[in-house]
Amino acid sequence: MKMKKWIIAIWLMGTSVVVNGAIISGKTYSIMPEENTSKSLFVNNSSKDEHAPVVLWTETKVPAQQWTVEESGNGEWAFQNVYTGKYLNVSGKFLVQTTEKAYWTLEKADEDRNIYYIKNGEYLHASSRYDGRQPFLGAAQTWQMVEVQPQSFFDATARKRMADAFLQQYLQDKGNGHNTFNNGGWNEAETMETILDMYERTKDPEYLTVYENCYKYMKYHVGNNWTGGVIVGGYDWFGYDFNDDVMWMIIGAARAYLLTGKQAYLNDAKKNFDLIWNRANLGYIDMLRWAELTGDRNGTNSCINGPAEVAACYIALGTGDDSYFEKARMLYANQRQYLFEPETGRVYDSIIFDPETVTVTNTNTWASTYNQGTMLGAAVLLYRHFGDAQYKADADKIIAYAKRELCNADGVVRVCQNVDGDFQGFKGILMRYAGLYAREYNDADYISWLKVNAFHAFNNINSRSFGHSAWLTKASEDMMYDGKDYSKASSSFGASTALAAAFAVPLDTLTAVSEISGPDEKGKPFPLCHSFSQGYYNISGMKITDAIAGSICIHGKKKYLIHR
């Protein structure tokens, strides 16, 4: 992994250059105190809110630290943030962003090095070197403006930067071709599934190797029967109790078979699904028990039934055995009856039954990102197979509820803003199945929503290019959040959630490919819109699936301009 560290470092150094000469209207800059150019002006937590503070923060090469300048025509300048679209302004004497333009004057200090005094009545001044401190108007202080290439949308380069840094930080080498992230538990299974997301979108063999090495390490400790556990050879595994822990790994194994065709994955998935089905099925209600030892044995919840429905669908796809689709359909019908509000799309958490009367004695209606996610995934897969319109209607409601109720006004997931424990990874599960929905139905609105979350998480990475599950908060340089060290292995599950969003949808989805020259070989003009799946190539030899907006592609004797 040392090579990756150098690649990241070289990329970071290559993204910024000091341009000699005067500031140019329309160009984009990082704005840094001359005495401390390791920091630059940053919209606090990448917030898009009106009057959000603008602070000093360690330079992390993200759009929320980029400012495009606009000259007024009379020697004054406005600074617009690339990520938020708002302008540098002041409230009282402190630096903020606003929708309204504010104009500043630049007094030369060393124009050849783009060093200026920045003034709005009084001089812009930063008195503290600490991250998060708000500059204000005060005594004269020099600032250096470093030209950068603006990044206005989330692209494959940003995604790879996050993925490489995540692996650099969290992937543990256990020797003998074995890797792990969390050394066991359901969070290991779900972090591994994020690696499958990465492989599915890119087909990069490195990601598949990571998954396979983690899987081998799990099998080395746990074997083929995943219903045992506690601590197996130093590997935490809780299959003796939690049926959902096993089901998460089953989903990953079934997906790995569908992606690779390696029979051993499907064999493991089917064997362990059958084991859980036989031990956990509450026959009087045909739902699955959550845990064998923890809680009430007549308790069931969405976090076992939803994943089991998804797992059964994947196993059915792999084996061709439709009885697994029937199992998924049965579980879904009962989850829908007891744990779902079809009018709103809200997925309930859990219920407890009286087995004698088959009546509900307790219901927890709490809605979470991961329960919304797995029932959404099940609805999509069941609709694909059975074609029953109810599944599609449910899926529409479930994803709409998640976006409406579990996100902020900008569409960014606002819940589970913590970096350890189970909650840290919930939102990644929602992102995964929202991606399945968006791809299945080619839904531009939900594709955009997923990119919004990925881009916000990207803007809040630290200078090492990774972050944590609390996407709404900038990842600190000391790796601490709310008193917790998010650099540790126990936080890898939370950190993976941003990658689940980043790899949930293809980044090559194009809104248009516009003709800029020439007819086709038959002399007829092509339509102005083409699907990326048609495999056109750009002039650098990449398929459009790898192209960047603004680049040129050619097909036959025609040239096209790529849009998004």
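1. Helix H7 covers residues 302-319, and its 18 residues reach 25 Å from first C-alpha to last, close to the 26 Å expected at 1.5 Å a residue. Here the expected span is 1.5 Å times one less than the number of residues, and helices (H or I, at least four residues) and strands (E, at least two) are DSSP runs numbered from the N terminus. H7 is mostly covered, with 16 of its 18 residues buried. Buried means under 20% relative accessible area, exposed means over 50%, and partly exposed lies in between (1.4 Å probe, protein chains only). Just after H7, glycine 320 has a positive phi of about 75°.

2. A word on the basis of these notes. This is a predicted model, in which local features need pLDDT of at least 70 and side-chain atom pairs count only at pLDDT 80 or more, while totals for chains, interfaces and linings use all residues. Residues are numbered from 1 along each chain as its sequence is written, and side-chain values use heavy atoms, with hydrogens and water left out.

3. Now to the chain as a whole. Its secondary structure comes to 13 helices and 29 strands, and buried residues make up 53% of its 564 residues. Contact means heavy atoms within 4.5 Å. Among contacts between residues at least 6 apart in sequence, 64% join residues at least 24 apart.

4. Residues 243-260 form H5, whose 18 residues reach 26 Å between the first and last C-alpha, close to the 26 Å expected at 1.5 Å a residue. H5 is mostly covered too, since 15 of its 18 residues are buried. Glycine 261 follows H5, and its phi is positive, near 75°.

5. Helix H11 (residues 426-440) has 15 residues that should span 21 Å at 1.5 Å a residue, and its end C-alpha atoms are 22 Å apart, which agrees. Of these 15 residues, 13 are buried, so H11 is mostly covered. Asparagine 442 follows H11 with a positive phi near 50°.

6. On the nonpolar cores, meaning sets of buried Ala, Val, Leu, Ile, Met, Phe, Trp, Tyr and Cys residues joined through side-chain atoms within 4.5 Å: the largest has 126 residues, and Trp226 and Phe273 have the most contacts inside it. Leaving aside residues up to four places away in sequence, phenylalanine 273 touches Met247, Ile250, Ala308, Ala311, Ala312, Ile315, Tyr324 and Lys327. A second, separate core has 24 residues, including Tyr29, Val69, Trp104 and Ala126.

7. Next, the cavity. A cavity is a set of points, on a 1 Å grid over the protein atoms alone, where a 1.4 Å probe fits but cannot get out, and lining residues have an atom within 4 Å of a point. Grid points are joined across faces, edges and corners, and a volume is the space filled by probe spheres set on the points. The structure holds one cavity of 30 Å³ or more, and about 110 Å³ of space lies in the largest cavity. Of the 16 residues lining the largest cavity, Ile461, Phe466, Gly467, His468 and Ala498 are the closest to its centre.

8. The lining of the largest cavity divides into 11 nonpolar residues, five polar and no charged. Ala, Val, Leu, Ile, Met, Phe, Trp, Tyr, Cys and Pro count as nonpolar, Asp, Glu, Lys and Arg as charged, and the others, Gly among them, as polar. Helix H2 (156-170) and helix H13 (492-502) each supply at least two lining residues, and H13 gives the most, with three.

9. Arginine 161 is found in H2 and counts as buried at 5% relative accessibility. Arginine 161 and phenylalanine 466 are 305 residues apart in sequence, yet their C-alpha atoms are 8.4 Å apart. In H13, phenylalanine 493 is buried, with a relative accessible area of 2%. Among the residues that phenylalanine 493 touches, not counting those up to four places away in sequence, are Asn182, Trp186, Glu190 and Asp422.

10. Finally, two residues to check for backbone geometry. Asparagine 114 has a positive phi of about 55° although it is not a glycine; asparagine 114 lies in the loop between strand S8 (104-110) and strand S9 (115-120) and is buried, at 1% relative accessible area. Lysine 203, also not a glycine, has a positive phi of about 60°. Lysine 203 sits in the loop between helix H3 (186-202) and helix H4 (205-222) and is partly exposed, at 47% relative accessibility.

Definitions and conventions: 1 Å grid on protein atoms, 1.4 Å probe; cavity = no way out; pocket = protein on both sides within 12 Å on 5 of 7 lines; lining within 4 Å.
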